[in-house]
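These are my notebook entries on one structure, kept in the order in which I looked things up.

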Amino acid sequence: IKTADQLHLPRPEAVYHTEVSQPTAIQKEMVQMLSERAAKVHSGTVDPSNDNMLKITSDGRKLGLDQRIINPNLPDEPTSKVNMCVDNIHRIWEKGQENKLTQLVFCDLSTPKNDGNFNVYDDIRKKLIAAGVPENEIEFIHNADTEAKKAALFSKVRSGDVRVLLGSTAKMGAGTNVQSRLVAVHHLDVGWKPSDMTQRNGRIIRQGNMNKEVKVFNYVTEGTFDS
């Protein structure tokens, strides 16, 4: 077995960016509530079937991503990390028009369920379309539910017909060979394991990419579970 550091294959140089958004007053308040819940769990005064650290961590991660996942009636904060991500995707999409450069967006939470409830995927797509990105250039990996559909979708990303692909680590990690035109990857949330992040970045930092330099964006909401 040969690993990447032994092979010295030509791979693009990655430039890492950490995009930090400030928490809203509501997010700060909710983080405080999470810490109160955690204190109760640790003191053993709550039944584990009602509340436990896994539930609290899960809520904390959702809250760090977007307050509307916890409550869709909360305002869409212009400075939220989801909106920061939309701005970056649009800017890079515009700059890469000539070579039809592509981007990946990783988000393990708030995936599209087609149940009418708020989710980050539809929110991002809607905002990109409003900013001028053609609808047919944005795809969700979740729509490719068979191997044949997946192969067709990956081919479209490689050719630059689909220029923004959103997905989760589980569905878009290993086996996703779409690096040909990839110029940026956006991590909207943090994977559970360090290997998740390696797997995600491995989609873009690999041989066969026409770009000499690529961008890796990590989005963090300060003062939440993201930190």
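Predicted model: local features only at pLDDT ≥ 70, side-chain atom pairs only at ≥ 80, totals over all residues.

**Entry 1, cysteines.** I looked for disulfides, taking as one any pair of cysteine sulfur atoms within 2.5 Å, and the count came to zero. Cys 85 is in no disulfide, and the nearest cysteine sulfur to its own, that of Cys 107, is 8.7 Å away. Seen from Cys 107, the closest cysteine sulfur is the one in Cys 85, and 8.7 Å is too far for a bond. I then checked accessibility, calling a residue buried under 20% relative accessible area, exposed over 50% and partly exposed in between (1.4 Å probe, protein chains only). Cys 85 is buried at 0% relative accessibility, and Cys 107 is buried too, at 2%.

Residues are numbered from 1 along each chain as its sequence is written, and side-chain values use heavy atoms, with hydrogens and water left out.

How many salt bridges does the structure hold? I found 15, a salt bridge being a side-chain nitrogen of Lys or Arg within 4 Å of a carboxyl oxygen of Asp or Glu. I followed Arg 68, whose side chain meets that of Asp 66 at 2.9 Å, N to O, and that of Asp 123 at 2.8 Å, N to O. Arg 68 lies in helix H4 (residues 67-70) and Asp 123 in helix H6 (residues 120-130), so this pair ties together parts that are 55 residues apart in sequence. Helices here are DSSP runs (H or I, at least four residues), as are strands (E, at least two), numbered from the N terminus. Arg 68 counts as buried at 7% relative accessibility, Asp 66 is likewise buried at 3%, and Asp 123 is also buried. A network of salt bridges links Asp 66, Arg 68, Asp 76, Asp 123 and Lys 127.

I also looked at Arg 125 and Asp 122, which form a salt bridge with their closest N and O atoms 3.4 Å apart. Both lie in helix H6, three residues apart, about one turn of the helix. Arg 125 is partly exposed, with a relative accessible area of 23%, and Asp 122 is partly exposed at 28%.

I fitted axes as lines to C-alpha atoms, for helices over the stretch in contact, with angles running from 0 to 180 degrees between N-to-C directions. The axes of H2 (residues 25-43) and H3 (residues 53-65) come within 10 Å and cross at roughly 170°. The two helices are therefore roughly antiparallel, the label for angles over 145 degrees. With contact meaning heavy atoms within 4.5 Å, the H2 residues that meet H3 include Met 30, Val 31 and Leu 34, and those of H3 include Ile 56, Asp 59 and Leu 63.

Where does Ile 138 lie? I placed Ile 138 in strand S3 (residues 138-140), where the residue is buried, with a relative accessible area of 1%. Leaving aside neighbours within four places in sequence, Ile 138 is in contact with Arg 125, Leu 128, Ile 129, Val 133, Val 164 and Leu 166. Ile 138 and Lys 127 are eleven residues apart in sequence and 11 Å apart in space, C-alpha to C-alpha.

Conventions
Parallel < 35°, antiparallel > 145°, perpendicular 65-115°, else oblique.
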